[in-house]
Amino acid sequence: VLIAITGVLAVLEFYKMVAGMKVPPLTYFGLVWTLLFILSRNSDLLSLLSHRFDVSLLTPLLIISAVAIPLLWLLRRSQRGETFPRWAWTIAGILYVGWLLSYLVALRYLDDGRNWVFLALFTTFGSDIAAYFTGRAIGRHHLALRISPGKTWEGAIAGVLGAVIVSLVLSILLGLPLNYGQAIILGLLVSILGQLGDLVESLLKRNMGVKDSGKLIPGHGGFLDRMDSIVFTGVVVYYYVIWAT
């Protein structure tokens with residue numbers, strides 16, 4: 001439920017930013033399909049559908065419909081020059097928010113799923129916090145000046161160390177089936193992918209000329225600003241768990 005609400009609000013912010021560029025996406029379609037992608041990874045719902053429907057076809061059908069339906073609609077409704085940009089931005093929101101966030105739901109339904117979700121979230125938070133405070137205290141060398149001037153190499157390295165420490169501690173406290181080497185590698189991957197996700201969202205906002213994605217969280221911007229690191233870390237933890245355990 002939390003991921004579904006966050007995803008819908010985040011993709012709404014995404015489409016509002018896109019609309020500010022005079023390229024109005026199909027917002028209502030994107031909201032519904034984002035929600036469907038997130039719900040499609042819920043094993044409880046899939047078990048109910050499995051009695052009447054081959055659930056292995058659900059994701060391919062969602063992808064096909066997400067690509068085809070808005071394109072067919074825009075071909076009839078839009079002017080020729082704006083059809084492709086509107087279609088592309090509509091799909092981008094669905095995949096970037098809905099499809100990537102759905103991996104956190106899928107992660108929850110693996111063995112020890114709740115603990116894996118805790119590991120993914122808190123390792124990401126540990127990376128972000130370590131990077132932020134270290135970067136502000138001793139950061140001197142810019143990581144990506146043209147994309148996000150406030151990020152530094154010192155902060156990025158501290159973020160990796162923070163994520164590795166949190167990953168090690170949580171894997172022990174939560175009794176997860178990882179040895180020390182696996183926990184270290186997972187922390188490293190979470191930090192790198194999380195920081196890349198942060199840079200991707202910074203680049204997106206810079207290209208659209210906005211400082212924050214929204215104002216729904218006072219003092220912290222919008223939901224898209226809060227989930228920029230998590231969208232990629234959920235994916236990497238999900239596949240790492242399948243590979244490592």
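Let me begin with overall size: a compact globule of 245 residues would have a radius of gyration near 18 Å, and the protein chain, at 19 Å, agrees with that, where the radius is taken over C-alpha atoms and the globule rule is 2.2 Å times the number of residues to the power 0.38. Please keep in mind that this is a predicted model, in which local features need pLDDT of at least 70 and side-chain atom pairs count only at pLDDT 80 or more, while totals for chains, interfaces and linings use all residues. Residues are numbered from 1 along each chain as its sequence is written, and side-chain values use heavy atoms, with hydrogens and water left out.

Along its principal axes, the C-alpha trace spans about 55 × 50 × 30 Å, and 47% of the 245 residues count as buried, meaning under 20% relative accessible area with a 1.4 Å probe, protein chains only.

The protein chain has 10 helices and 2 strands, these being DSSP runs (H or I, at least four residues, for helices; E, at least two, for strands) numbered from the N terminus. In order, the elements run α-α-α-α-α-α-β-β-α-α-α-α.

Now to one pair of helices: the axes of helix 6, residues 113-138, and helix 7, residues 153-173, come within 7 Å and cross at roughly 145°, the axes being lines fitted to C-alpha atoms over the stretch in contact, with angles from 0 to 180 degrees between N-to-C directions. Among the residues that meet there are Gly 126 and Ala 130 in helix 6, and Gly 159 and Gly 162 in helix 7, contact meaning heavy atoms within 4.5 Å.

Methods. Buried < 20%, exposed > 50% of the residue type's maximum accessible area, 1.4 Å probe, protein only.
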